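Here is a friendly note to go with the structure below. The points start with a few side chains and then move on to the contact between the chains.

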Amino acid sequence: MSERLAVKKTYKLYIGGKFPRSESGRSYQVTDTKGRFLANAAHASRKDARDAVVAARKAFAGWSRATAYNRGQVLYRVAEVMEGRRAQFVDEVAAGEGLSRGKAEKAVDESIDRWVWYAGWTDKIAQVVGSSNPVAGPYFDFSVPEPTGVVAVLAPQRSSLLGLVSVLAPVLVSGNTAVVASSYERPLPAITLGEVLATSDVPGGVVNILTGRMGDTAPWLAAHMDVNAVDLAGAAGDDEHARELELAAAENLKRVVRAPADEPDWTAEPGLDRITSFLETKTVWHPVGI
Amino acid sequence: MGGRDGDKGVLTQGTRLGLVTVLNEAHLADVTSSQASLRQFLLGLPSVDQVGAEARAATLASRSIKTTAKQFAIDLAISMIDLTTLEGQDTPGKVRALCAKAQRPDPSDPSVPRVAAICVYPDLVSTAEAALRGSGVKVASVATGFPSGRTTLEVKQADTRAAVAAGADEVDMVIDRGAFLAGRYAQVFEEISTVKQACGSAHLKVILETGELATYDNVRRASWLAMLAGADFIKTSTGKVSPAATLPVTLIMLEAVRDFLDITGRQVGVKPAGGIRTTKDAIKYLVLVNETAGAAWLSPDWFRIGASSLLNDLLMQRQKMTTGRYAGPDYFTLD
């Protein structure tokens, strides 16, 4: 029997529920921590970022209007499909982050658990951060959280799956749609997550994943007038770049989650900060019935 | 080369000359003198090479227009727009809002040119006219039983006169597609020339509704018929029928106006309408105009684009070019 030829994968982007090639036509080699070839990934350009924002905006109406219960079910389903791809995630995390198999397994398990944890928040967040307000008049007065809109997420550079899940899931919980710029050197778990999302019940465009150099897409996303918020987690440790992105984001008063000085320990308890960062509060005065 | 002349589109040099000869010999008056001669002329027009027309339109659509050329194209496209609202739910308030937008498409940037015209139903012409008086933006009104055109000639005339009396500078009439498809060309001819008379000094745009004409040959015939009957503009569609304007159909109409000018010395304008929503689409049409009819048509006097949502996309692209950041629809008016 002849020796089997290796299948070398060349991945594409994930935009609007489809897997298009980058407009730039460029791709780059992804290697493991020892420099061995893993796969080719697409080099997203600013036009891909623009297309991703259009797709995310288009998907926003449907996703934000879905009931919280329904969003929860869809996100649980994502966790189920992730569980089915567990072995692949473990391989990719181990190779990309240079972890032992045991540590990689632990990271993947934590990622899936985190996704489930966030999925549970879809129909609870309004009860925790919403309120019924006491007013001196014959009115019901209540405040409800609503999604901010299209959120550009710069995924962490080092923690390729747990970090990614920890920044992406909280954006989706409340009904935002996301454009994710993945880790440059470790994009494979993000690509696989894209395949997971495409085969679960998440509507196309709710999550869009761009691989490639952050400098090629992040400034355009930060300056884009149709992006409502930006999470700069991926710019951790690069103060100069983070500052420029914040300046660009200021033009249309985007909500900004600032880049930390160094990438945090993603295994820590996440809390609600990342969910509440991408919420708007709507307060309604309603006359008490006669 | 397969009988095709690259510069002149799908009509071959041979047939173009043939057409000139045919017309010169027959004289226009003779062609239009009877149903039989009109029919003989229209059916004698060279048939459209469908594959060729589509390939040519697709090739021209692949041109890349960037930087300063794109800036020029965006401003030109804005100045060519017939900003249209033709809904049953139109109110005077909506028309006034649209008129304000027509004069100053981007309130944050006075360098944006105004659009060519506002296109409304006849009953809203007076509202639009009052809002646009002295602004240089024209008022166009659809008429003659828009969009189906299924009414009597008397009603069509009255409809047209009412629109003109209310202050319309331009009238967009629909042809009777039923009569055209049944081969009653003389009836269509008669209708167009009657409406043209009713228009008086107002410009007449004739809507062919190409989506209902079934073949490219029919588009060519209808274009010639309309021009012979006195149309100042030929327009693709009402926007109520799908498909509306397409590139190959516009290509055929542009060839017709080009040949008509060659033969008669009278220039007729072209207006694609419906389905043109993005800057990219609009620029494709401009390339088509330049390459088919020629630069003489690259003016709001001779080429219009019937659209409503296109304007916002043009403004967003324009803002992207001036500010360097991608624009968002939140910062432009809804319409």
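This is a predicted model: local features need pLDDT of at least 70, side-chain atom pairs count only at pLDDT 80 or more; totals for chains, interfaces and linings use all residues.

1. Lys106(A) is exposed, at 54% relative accessible area, where exposed means over 50%, buried under 20% and partly exposed in between (1.4 Å probe, protein chains only).

2. Residues are numbered from 1 along each chain as its sequence is written, chains are lettered from A and ligands numbered from 1 in the order in which they are written, and side-chain values use heavy atoms, leaving out hydrogens and water.

3. Have a look at Glu212(B) and Arg177(B), whose side chains meet in a salt bridge of 2.8 Å, N to O. This pair links distant parts of the chain: Glu212(B) is in the loop between β5 (203–207) and α11 (216–228) of chain B, and Arg177(B) is in helix α9 (residues 177–181), 35 residues away. Arg177(B) is buried at 6% relative accessibility, whereas Glu212(B) is partly exposed at 33%.

4. How many salt bridges does the whole structure hold over all chains? The search finds 35. One of them joins Asp32(A) to Arg36(A), with the closest N and O atoms 2.9 Å apart; Asp32(A) counts as buried, at 11% relative accessibility.

5. Now to the interface, where 12 residues of chain A are in contact (heavy atoms within 4.5 Å) with 10 residues of chain B. The area buried between the chains is about 1,000 Å², and carbon and sulfur atoms give 51% of it; buried area is the accessible area (1.4 Å probe) that two parts lose on being put together, summed over both. Arg50(A), Trp220(A) and Met225(A) supply 45% of the area that chain A buries against chain B, more than any other three residues.

6. One salt bridge is found across this interface. Glu251(A) pairs there with Arg325(B), the closest N and O atoms being 3.9 Å apart.

Definitions and conventions. A salt bridge is a side-chain nitrogen of Lys or Arg within 4 Å of a carboxyl oxygen of Asp or Glu. Helices (H or I, at least four residues) and strands (E, at least two) are DSSP runs, numbered from the N terminus.
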